[in-house]
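Please keep the sequence and the structure in view while reading.

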2 protein chains.
Amino acid sequence: MNDNFADRLLEAIEEKGSPVCVGIDPSYERLPDDLRSDSASPDQQLSAIRQFCQTVLEIVAGIVPVVKPQSAYFEVYRGKGVSLYYETVRLAKDMGLVVIGDTKRGDIGSTAEAYAKAHLAGPDTPDALTVNGYLGTDGIDPFCEVAARDGKGVFVLVRTSNQSASQTQDFSDAAGQKFYQHIARQTASLGDNEGLLGQRGFSSLGAVVGATYPQEAAELREIMPRQLFLVPGYGAQGAGAEDCAAAFDSNGAGAIVNASRSVIYAYQREPYGRLGWEEAIEASARDFADDIQKAVLG
Amino acid sequence: MNDNFADRLLEAIEEKGSPVCVGIDPSYERLPDDLRSDSASPDQQLSAIRQFCQTVLEIVAGIVPVVKPQSAYFEVYRGKGVSLYYETVRLAKDMGLVVIGDTKRGDIGSTAEAYAKAHLAGPDTPDALTVNGYLGTDGIDPFCEVAARDGKGVFVLVRTSNQSASQTQDFSDAAGQKFYQHIARQTASLGDNEGLLGQRGFSSLGAVVGATYPQEAAELREIMPRQLFLVPGYGAQGAGAEDCAAAFDSNGAGAIVNASRSVIYAYQREPYGRLGWEEAIEASARDFADDIQKAVLG
């Protein structure tokens with residue numbers, strides 16, 4: 001196994017043929033009818049979520065290179081839910097998937113070190129983690145240290161895909177530079193650490209760059225030429241494959257597009273609603289991978 | 001029990017006589033010698049942390065109104081650690097303490113709702129939570145909804161106390177307004193929701209404002225007259241009681257000063273090192289409470 005996360009991610013993308021990631025956001029209320037009951041106890045809900053996650057992973061492991069479990073949905077079930085989060089991470093890794101833990105943690109000093117130890121260090125945590133950079137480099141460095149040491153990756157939130165992102169991230173200085181561009185420059189600079197740079201020219205310190213703003217993604221690619229972009233917003237959040245293509249470099253590399261609810265709950269929407277839930281997830285995952293592959297690689 | 005968090009916090013401060021909070025940041029490596037062994041398994045470490053947290057809570061419950069367990073240190077032990085986090089929260093509440101969960105979570109939409117459900121909803125979660133506002137109001141609203149419904153509080157990270165905070169938070173617009181001031185205005189506006197305002201004129205949507213920048217705290221008090229300030233930075237991070245006093249309003253109200261390591265690990269520093277660890281924690285908690293009370297209330 002290559003010991004640089006960026007290289008490993010790019011290899012995994014080549015192997016599967018499409019730069020896509022499926023987000024694992026399990027809400028009990030949205031599980032298929034045959035896994036759900038109105039009177040389920042929290043333990044029964046968690047057991048259904050376990051079965052659902054395992055089935056989703058088995059389906060998508062042959063189609064996509066990367067999955068992204070979202071910690072929040074597991075944390076709803078407190079200690080037992082968090083244990084299932086780690087179980088899901090291990091299961092996905094055992095299936096050969098690259099795993100990005102979506103935790104968006106952000107703190108400083110020994111607290112950030114504790115988060116890095118909990119969520120990124122060692123073999124049975126995700127391959128990479130999303131982090132929040134509002135607290136400055138003090139909040140990023142402890143994650144980068146673990147990433148460099150253990151061959152892991154970090155994705156800093158730069159430009160998020162939600163509607164109110166512009167309220168904060170578009171705040172501009174006198175020269176017209178926006179706050180998210182400032183965070184992008186900081187991320188680019190931190191990522192040039194030689195312990196993070198891989199042999200393919202990308203850094204293991206990447207960036208979250210929402211697909212809902214394609215012009216901005218192109219500008220951010222200029223600011224961050226060596227960052228891998230994790231691109232949310234496709235599908236449920238309204239961005240199409242062409243919007244996502246702006247995040248890639250001129251060789252069609254350097255980014256990975258995520259879809260969560262539009263794939264794992266495909267059985268609740270057209271044109272997949274007439275299929276069984278497993279078939280719906282499989283069909284939508286294939287369509288998603290094909291859609292992005294065509295838009296990016298032509 | 002008053003059903004508004006801001007009112008409840010102010011009552012608790014009056015009852016104990018000092019606007020202070022002890023942070024519960026349990027690192028196994030820093031526990032007292034008689035609780036620690038070099039060969040301890042993770043379960044044994046967690047058991048020692050349980051005993052340490054319980055003792056710290058028993059000591060400080062008679063001295064301070066508020067405690068702030070830091071989730072990261074519990075997350076190091078994954079599912080079992082998270083279970084202990086909730087156990088610690090419940091224990092502190094049973095002792096009559098107001099509990100602020102320091103999680104700094106930040107996400108959007110249904111994910112933020114999941115975090116709010118996990119960490120703030122219902123009776124057996126903290127009374128209030130720290131959150132990160134980088135993603136805009138989409139990331140704050142779900143926490144405010146739970147706060148208004150369940151009588152809880154939210155503290156948005158506005159100005160953090162760490163050294164590199166200025167790298168991001170001092171980013172300025174053409175009029176000289178800084179990014180953290182922009183977040184402060186947004187927080188002030190969101191906090192004026194009538195479901196959050198208490199009878200004493202403060203909102204249950206508060207702000208984290210580091211004590212290491214007293215001039216800024218005074219300016220932020222102008223921008224956020226109805227926000228309760230949670231003030232980190234005293235002690236281990238270098239701020240003194242006079243620095244902290246700037247966060248309070250002209251009546252000596254509206255803020256709560258936190259100290260974590262300087263109290264819970266007081267046995268590792270002067271002038272407390274010659275005491276037993278329980279006596280050291282008690283003496284430093286009393287000195288901390290007195291120090292802040294004198295600086296704020298004269």
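Two strands count as paired here if DSSP finds at least two bridges between them. By that criterion, in this predicted model, strand S6(B) is joined to strand S7 (residues 227-231) of chain B by 3 bridges, and the two strands run parallel. Chain B as a whole holds a closed barrel of 8 strands in the order S1-S2-S3-S4-S5-S6-S7-S8, with parallel pairing, and the twist from one strand to the next averages 30°.

- Strand S6 (residues 203-209) of chain B has 7 of its 7 residues buried, so it is largely enclosed by the rest of the structure.
- On one side S6(B) is linked to strand S5 (residues 153-159) of chain B through 5 bridges, again in the parallel sense; B:Leu157 stands opposite B:Val208 in this pairing, and B:Arg159 stands opposite B:Val209.
- In the pairing with S7(B), B:Ala207 has B:Phe229 as its bridge partner.
- Helix H8(B) lies across S5, S6 and S7 of chain B, and runs at about 160° to S5(B).

**Strands S1 and S2 of chain B**

- Strand S1 (residues 20-24) of chain B and S2(B) pair in the parallel sense over 4 bridges, with B:Cys21 opposite B:Val66 in S2(B).
- In a regular strand the side chains alternate between the two faces of the sheet.

**The barrel of chain A**

- Chain A also holds a closed barrel of 8 strands, running S1-S2-S3-S4-S5-S6-S7-S8 with parallel pairing, and here the twist averages 30° from one strand to the next.

**The nonpolar core**

- The largest nonpolar core has 212 residues, and those with the most contacts inside it are A:Phe143, A:Val156, B:Phe143 and B:Val156.
- Which residues are in contact with B:Val156, leaving aside its neighbours within four places in sequence? They are B:Val131, B:Gly133, B:Ile140, B:Ile183, B:Thr187, B:Leu205, B:Ala207 and B:Val208.

**An exposed glycine in a loop**

- B:Gly238 lies in the loop between S7 and helix H10 (241-245) of chain B.
- B:Gly238 is exposed, with 12 other C-beta atoms within 10 Å, where a residue counts as exposed if 12 or fewer such atoms lie within that distance.
- Not counting residues up to four places away in sequence, B:Gly238 touches B:Thr212 and B:Gly233, whereas its C-alpha atom is separated by 35 Å from that of B:Asn193, 45 residues apart from it along the chain.

**How the two chains meet**

- Chain B is superposed on chain A by a rotation of 180° with 0.0 Å of shift along its axis (RMSD 0.0 Å), which is the relation of a two-fold axis.
- The same surface serves both copies, in that 100% of the contact residues of chain B recur in chain A.
- In the interface, 47 residues of chain B are in contact with 47 residues of chain A.
- On the side of chain B that touches chain A, H3, H4, helix H5 (109-119), helix H7 (165-169) and helix H8 (179-191) of chain B each supply at least two residues, and the largest share, 7 residues, comes from H5(B).
- By class, this side of chain B has 17 nonpolar, 21 polar and 9 charged residues.
- Helix H5 (residues 109-119) of chain A is mostly covered, with 8 of its 11 residues buried, among them A:Tyr115 and A:His119.
- What covers the buried residues of H5(A) includes strand S3 (98-105), strand S4 (128-131) and helix H6 (141-150) of chain A, together with helix H3 (71-75) and helix H4 (78-94) of chain B.

Methods: Residues are numbered from 1 along each chain as its sequence is written. Chains are lettered from A and ligands numbered from 1 in the order in which they are written. This is a predicted model: local features need pLDDT of at least 70, side-chain atom pairs count only at pLDDT 80 or more; totals for chains, interfaces and linings use all residues. Axes are lines fitted to C-alpha atoms, for helices over the stretch in contact, and angles run from 0 to 180 degrees between N-to-C directions. Copies are superposed by least squares on the C-alpha atoms of residues with pLDDT of at least 70 in both. Two residues are in contact if their C-beta atoms, placed from the backbone, lie within 7 Å. A residue is buried if 20 or more other C-beta atoms lie within 10 Å of its own, exposed if 12 or fewer, and partly exposed in between; C-beta atoms are placed from the backbone. Ala, Val, Leu, Ile, Met, Phe, Trp, Tyr, Cys and Pro count as nonpolar, Asp, Glu, Lys and Arg as charged, and the others, Gly among them, as polar. A nonpolar core is a set of buried Ala, Val, Leu, Ile, Met, Phe, Trp, Tyr and Cys residues joined through C-beta atoms within 7 Å.
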